[in-house]
Amino acid sequence: MEKLTMLDYVKETPGVLRTNIEQYTALVEPLMKEVQKKEIKRILLVASGSSHNACYCARSFVEKVSGLEVRIITPYTFTYYENDIKENDLVLVVTQSGLSTNAIEALKIIKKNQCRAICLTGNKNSDVKDVADVVIEYGVGEELVGYVTKGVSSLALFLDLFAIAYSGKNEYLEELKKAVHLNEEMIGKATNFIQLHYKEFSSMSWVYSCGAGANYGTALESALKMGETIHIPSCCYEIEEYIHGPNLQLTPQYNVIFFDGNDVASHRVEQVYKATRKVSERAYLISNNPGLADDDHVLSLSDTVSSELCPLVYLPFVQLLSFIISDDLHSIYQHPLLKEFKAIAAAKTENFVNYDGDD
Ligand SMILES: O=P(O)(O)OC[C@H]1O[C@](O)(CO)[C@@H](O)[C@@H]1O
């Protein structure tokens, strides 16, 4: 059988998201059982890499709908510096593979603090089962490719669905369905957009991704995914922070991608994008800003969702850009010395199987 790719999983995602929305009460029930045990005031999400970014993609929606504060922290910082768990905290360690060594360490710290060690994962039979008190799957199904795409969107959706179940505000389900519809539209539109600017995208030496609000999560994932796959320096900035220093090194060679939430801040995104275009033609904007409809560096869709759900719509763009360019350039293969790196500092347990064959 042909090896599955990121592209296969990007295409599979809208169907999985639809199914998860349809079956959301059953999907979030194990987590709902956990929150019924005590009063919750804050959710603490402990996660790395794409799992961490998916939490950022969901945070604004979860806070708006549930009324709960959401804090996101990396497992390393949690384990060594900031693990003061409050009585009304719901702490969730999130790891898609269930094989990240730092997530396992975070679960051990939670147990040591005599709190409930809850793990959200893509695979409940993975190593986390040996340390967690309870392991809950978030409905990604199987994703063999390490450069996860389906897992990011389905994790963000799971957190959104949990907020709906927790608050009883079922009216938000319709907007989630609309976001999934636009996620599917984005797959086609992003593919065409990448082809339109193929000479520039396939010759990037470094790239900035800029977003704010929920799209800070989109920008984080954009930066991580391109760095992981295209193997170029790839940074994420909040929109306005980008013009407080990082912009000062701009030259016409710089690539900058902006994610607009189509909300009250859009006018400022437009200004920052237009300012960047004065220095580099390699600036791109994902936005439905009607004032930019004729600009072929702007990718827009047939409709919008509230800015809190934008990441669910925009993620296919960053995933496809990472896949198409890294696949065409064969850039995904790691330097041979990375083997020696991993022998000293491993991010995954020995049970991790590298499906991609890139190490
Ligand atoms: O969600 P997990 O499985 O803990 O993985 C976190 C991150 O670790 C990596 O697999 C790298 O080790 C990333 O690709 C991923 O985003």
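Select helix α12 first: with three residues, α12 makes the largest share of the lining of the largest cavity. Helices here are DSSP runs of H or I of at least four residues, and strands are runs of E of at least two, numbered from the N terminus. The model is a predicted one, in which local features need pLDDT of at least 70 and side-chain atom pairs count only at pLDDT 80 or more, while totals for chains, interfaces and linings use all residues. Residues are numbered from 1 along each chain as its sequence is written, and side-chain values use heavy atoms, with hydrogens and water left out.

Next, display the lining itself. It comprises 13 residues, and Asn 262, Leu 301, Asp 303, Val 313 and Tyr 314 lie nearest the centre of the cavity. A cavity is a set of points, on a 1 Å grid over the protein atoms alone, where a 1.4 Å probe fits but cannot get out; lining residues have an atom within 4 Å of a point. The lining of the largest cavity divides into eight nonpolar, four polar and one charged residue. In this classification Ala, Val, Leu, Ile, Met, Phe, Trp, Tyr, Cys and Pro are nonpolar, Asp, Glu, Lys and Arg are charged, and the others, Gly among them, are polar.

Helix α12 lies across β8, β9 and β10, at about 160 degrees to β8. Helix α11 (residues 266-279) also lies across β8, β9 (283-286) and β10, and runs at about 160 degrees to β9. Angles run from 0 to 180 degrees between N-to-C directions of axes fitted to C-alpha atoms, for helices over the stretch in contact, where contact means heavy atoms within 4.5 Å.

Now colour the five strands of this open sheet, which pair in parallel in the order β7-β6-β8-β9-β10. Pairing requires at least two DSSP bridges between two strands. Zoom in on β6 (residues 207-210) and β8 (residues 255-259), joined by four parallel bridges; here Ser 209 stands opposite Ile 257 in β8.

Finally, move to the second largest cavity, of about 50 Å³. Which helix gives the most to its lining? Helix α3 does, with four residues. β1 (42-47), α3 (49-66) and α6 (150-167) each supply at least two. The lining includes Ile 43, Cys 55, Arg 59 and Phe 162, and its residues divide into nine nonpolar, no polar and one charged.

Terms used
On a 1 Å grid over the protein atoms alone, a cavity is a set of points where a 1.4 Å probe fits but cannot get out, and a pocket is an open set with protein on both sides within 12 Å along at least five of seven lines; lining residues have an atom within 4 Å of a point. Grid points are joined across faces, edges and corners, and a volume is the space filled by probe spheres set on the points.
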